[in-house]
Amino acid sequence: MDKYFILSIYIIFNHVFGNVSTNNAAVCNNPFYKVGEKCLHFGDLNFLEVNQSEAVEYCNDIGGNLVMIQTPTQFKNIIEYINENNYLRQYWIDGSDLEQKGKWVFHNEELVPMGTPFWYVYTNVNGWFQDPDDAGRGEDCLVMYPKPTFYLNDYPCNLFNRPLCEESSAIKGEKIIQEELIDSPTLDCTVPYVPVGDTCLDFLFYTATMTWSEAVLTCEAMAGTLAKIDDPELLRAAYLYLHEHIISGESFWLGGSDLDEEET
Ligand SMILES: [Ca+2]
Ligand SMILES: [Ca+2]
């Protein structure tokens, strides 16, 4: 009777916890903790700032690498975590163009995504620019700026920042998720709408420019509304679409206004 009882417990235990231990994307080993789907370590708050190669070494020593930011959602999750925990520092993250100038790669040679919403955008007397700018011709390593911007910036590898590490054994699980995303079927959109991310959009770049109110009416006449960009993946998809179709020089109205709250 006793033996039967123990066996039953074992089966229940294995049934409940067995799945958890085989899901490598969900479990983080000390000193890493879960941030979105990633297992990260921000270093302890008293940790001295180090140069980029020392940061790589630090992460390797605890069983990781500098974090790879490959999707807008990963980027958003990390920024939210930093804000919630007040970890407002400048961090080394994975990525450099040391091997080939202008070609940004992660430690595993995969390409670092360029452009929006990842890299810092700024303006000066000569116009608008987006990092990487290789300022001073010596910026070959990747940092994540602190508040208020949190965007990515190319930075001299020999200067000092905190390491932001990601557990190595968890990276594999993450990669599978990404490949599944790429293979997902494309949306069926009614003409003239085209699939952009998980939404059907129409970029009206061939019409004359109009006011925002005219744009609202135009979209209504086409059985739509102005696009609501409320998700970083959709922002990325729209950015890629604009660049692929060489209409990135145009400006578009979007849904969203503060008209209701204004007094006049
Ligand atoms: Ca560079
Ligand atoms: Ca820079």
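Which residue in S7 is the bridge partner of tryptophan 92? In this predicted model, the partner is valine 143. Both Trp92 and Val143 are listed among the residues with the most contacts inside the largest nonpolar core. The protein chain contains 6 helices and 12 strands.

**Sheet**

- An open sheet is built from 4 strands, ordered S8-S7-S4-S9, and its pairing is mixed.
- Strand S8 (152-155) and strand S9 (162-163) are the edge strands, each of which pairs on one side only.
- Strand S4 (residues 91-96) and strand S7 (residues 141-144) run antiparallel and are joined by 3 bridges.

**Nonpolar cores**

- The largest nonpolar core holds 30 residues, and the residues with the most contacts inside it are Leu40, Leu66, Val67, Trp92, Ile93, Val143 and Leu164.
- At least two residues of this core come from each of strand S2 (38-41), helix H2 (52-61), helix H3 (72-85), S4, S7 and S8.
- S7 supplies the largest share of this core, with 4 residues.
- A second, separate core has 6 residues, among them Val196, Leu201, Ala227 and Ala238.

**Surroundings of leucine 40**

- Leaving aside residues up to four places away in sequence, leucine 40 touches Phe32, Tyr33, Val35, Val67, Leu164, Cys165 and Glu166.
- Of these neighbours, Val67 and Leu164 are also listed, with Leu40, among the residues with the most contacts inside the largest nonpolar core.

**Whole chain**

- Of the 264 residues in the protein chain, 24% are buried.
- Among contacts in the protein chain with a separation of 6 or more, 65% are between residues 24 or more positions apart.

Methods:
Residues are numbered from 1 along each chain as its sequence is written. Chains are lettered from A and ligands numbered from 1 in the order in which they are written. This is a predicted model: local features need pLDDT of at least 70, side-chain atom pairs count only at pLDDT 80 or more; totals for chains, interfaces and linings use all residues. Two strands pair if DSSP finds at least two bridges between them. A residue is buried if 20 or more other C-beta atoms lie within 10 Å of its own, exposed if 12 or fewer, and partly exposed in between; C-beta atoms are placed from the backbone. Two residues are in contact if their C-beta atoms, placed from the backbone, lie within 7 Å. A nonpolar core is a set of buried Ala, Val, Leu, Ile, Met, Phe, Trp, Tyr and Cys residues joined through C-beta atoms within 7 Å.
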